[in-house]
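Keep the picture at hand as you read.

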Amino acid sequence: MPFLATDSHPTPSTYYTQWACAIAFWVFTFVYLFFYQNDVLAAGQHVLSGGQTHYNRLVGALLITLTLFVLQRAVSEVSRLQGSVHALTYFPSLLVLTIITDVSSDIDRGFSFGGWLIACPLLVVAFVALVVLLRQMPPPGSLAGHGFFSRHLWVNMLIMAVMFVAVGLFSNGDEAFHYRMKMERLIAEERYDDALKVGRRSLVADPALTMLRAHALEKKRMLGDHFFDYPVEGEPAALLPDTAGVRTILLPDSVVTDFARTPRAKLDYRLMRLLLERDLDTFAYIVERVYPDSVMPRHFAEALLLHQFATGKNVTKTPGDVAMTDFLDFRKMAKESPARIAANQVRRTYRNTYWYYYKYGMSAEK
């Protein structure tokens with residue numbers, strides 16, 4: 001089979017290659033759009049439409065995949081690239097896919113094509129030049145194998161794989177932004193349990209993500225129990241939007257700010273802000289008067305115990321024996337090794353406690 005077949009009667013191996021490339025393209029593109037870039041595209045459409053339209057996950061993935069496949073068929077008809085380079089006919093489609101999924105994490109502050117205004121025309125010119133060059137090359141002879149065992153097929157699969165990797169590398173891969181958009185969508189749907197699972201095992205965080213987690217936790221009445229289960233990033237004021245440059249994109253800011261004005265949420269947000277500021281004196285004064293021992297949230301109890309040890313003062317409400325044992329173990333581990341080593345050792349056991357945040361903050365996470 002020739003390296004570059006342009007005849008009007010493709011061989012069976014050519015059909016196998018074309019079908020394999022088409023299947024690989026459809027599977028990759030649909031999965032990539034439906035599962036990975038769904039929320040990023042929703043954010044882009046929301047901003048560009050001024051909030052007037054809503055991105056549908058299934059319809060969007062199908063329409064974009066179909067449109068890009070139609071573009072590939074047109075490129076294939078024009079270029080007539082077959083044989084071992086048929087996969088290159090998918091380059092324009094995958095380039096468009098990369099551009100539309102390279103949504104800026106700051107898109108709400110202004111839309112821009114960024115470097116694609118220069119890169120895209122250059123890549124198109126380079127692709128056209130490559131097609132012209134390949135069509136002028138003499139066929140080097142057949143490659144071993146037939147059908148799915150043809151070397152043509154696996155060369156094409158390698159080309160497709162390289163282009164798929166390039167799509168992933170040059171589109172929006174900001175992990176924190178992906179988490180934020182997914183959380184905003186789930187909060188808008190009032191699926192707070194699912195929202196709190198987003199990025200739960202990741203060390204990635206930013207101020208907006210911390211703010212969204214605080215909101216979802218407070219809606220579940222768990223802010224004082226599980227806030228430090230997640231990495232915390234940003235100033236204390238960032239617990240609310242627009243107070244420290246933090247904002248939402250899919251959600252109106254009022255969804256968070258209005259709820260934070262309810263009496264229970266207002267109290268919990270104030271106490272949590274005091275913890276983030278490490279103002280344990282004011283925190284202890286307030287929490288002792290509003291939370292009985294029986295319902296003391298876990299992080300508030302941890303902070304109260306830390307305050308007791310730091311000041312040597314007796315407090316009227318003290319945590320139980322388990323918390324005391326854990327705190328003494330935490331102090332022991334933190335003192336046994338140099339600061340950096342100790343932080344890494346303590347993190348494995350006590351990263352989800354206020355004690356860890358108070359002593360190390362985010363410094364040991366990075």
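## Spaces and helix packing

The second largest cavity is lined by Pro207, Thr210, Met211, Val232, Glu233, Gly234, Glu235, Ala238, Leu239 and Leu276. Keep in mind that what you see is a predicted model. Searching the whole structure turns up 2 cavities of 30 Å³ or more, and the second largest cavity holds about 30 Å³ of space.

The largest pocket has a volume of about 330 Å³. Its lining is made of 17 residues, and those nearest the centre of the pocket are Leu48, Ile99, Ile100, Val103 and Phe111. Two or more lining residues come from each of helix H2 (38–48) and helix H4 (91–100). Of the elements around the largest pocket, H2 gives the most to the lining, with 4 residues. The lining of the largest pocket divides into 11 nonpolar, 5 polar and 1 charged residues.

Next come the helices themselves. Two packed helices are described by the angle between their axes and the distance between the axes.

| Helix pair | Angle between axes | Distance between axes |
|---|---|---|
| H12 (residues 263–276) and H14 (residues 298–311) | roughly 40° | within 11 Å |
| H2 and H7 (residues 175–188) | about 75° | 8 Å |
| H3 (residues 57–79) and H4 | about 145° | 8 Å |

Start with H12 and H14, whose axes cross at roughly 40°. Because of that angle, H12 is oblique to H14. The crossing of H12 past H14 is left-handed. On the H12 side, the contact is made by Asp268, Leu271, Met272 and Leu275, while H14 brings His299, Phe300 and Ala303. The classes in this contact of H12 with H14 are 5 nonpolar, 1 polar and 1 charged residues.

How is H2 placed against H7, roughly parallel or roughly perpendicular? H2 and H7 pack at an angle of about 75°, so H2 is roughly perpendicular to H7. Asn38, Asp39, Val40 and Ala43 of H2 meet Phe177, His178, Met181, Lys182 and Arg185 of H7. This contact of H2 with H7 contains 4 nonpolar, 2 polar and 3 charged residues.

The last pair is H3 and H4, which pack at an angle of about 145°. From H3, the contact takes in Ile64, Leu68, Leu71, Gln72 and Val75, and from H4 it takes in Pro92, Ser93, Val96, Leu97 and Ile100. What classes of residue make up the contact of H3 with H4? There are 8 nonpolar and 2 polar residues in the contact of H3 with H4, and no charged ones.

Methods
Residues numbered from 1 in each chain as written. Predicted model: local features only at pLDDT ≥ 70, side-chain atom pairs only at ≥ 80, totals over all residues. Heavy atoms only, no water. 1 Å grid on protein atoms, 1.4 Å probe; cavity = no way out; pocket = protein on both sides within 12 Å on 5 of 7 lines; lining within 4 Å. Points joined across faces, edges and corners; volume = space filled by probe spheres on them. Nonpolar A, V, L, I, M, F, W, Y, C, P; charged D, E, K, R; others polar. Axes fitted to C-alpha atoms, helices over the stretch in contact; angles between N-to-C directions. Parallel < 35°, antiparallel > 145°, perpendicular 65-115°, else oblique. Left-handed = near helix turned anticlockwise from the far one by under 90°. Contact = heavy atoms within 4.5 Å.
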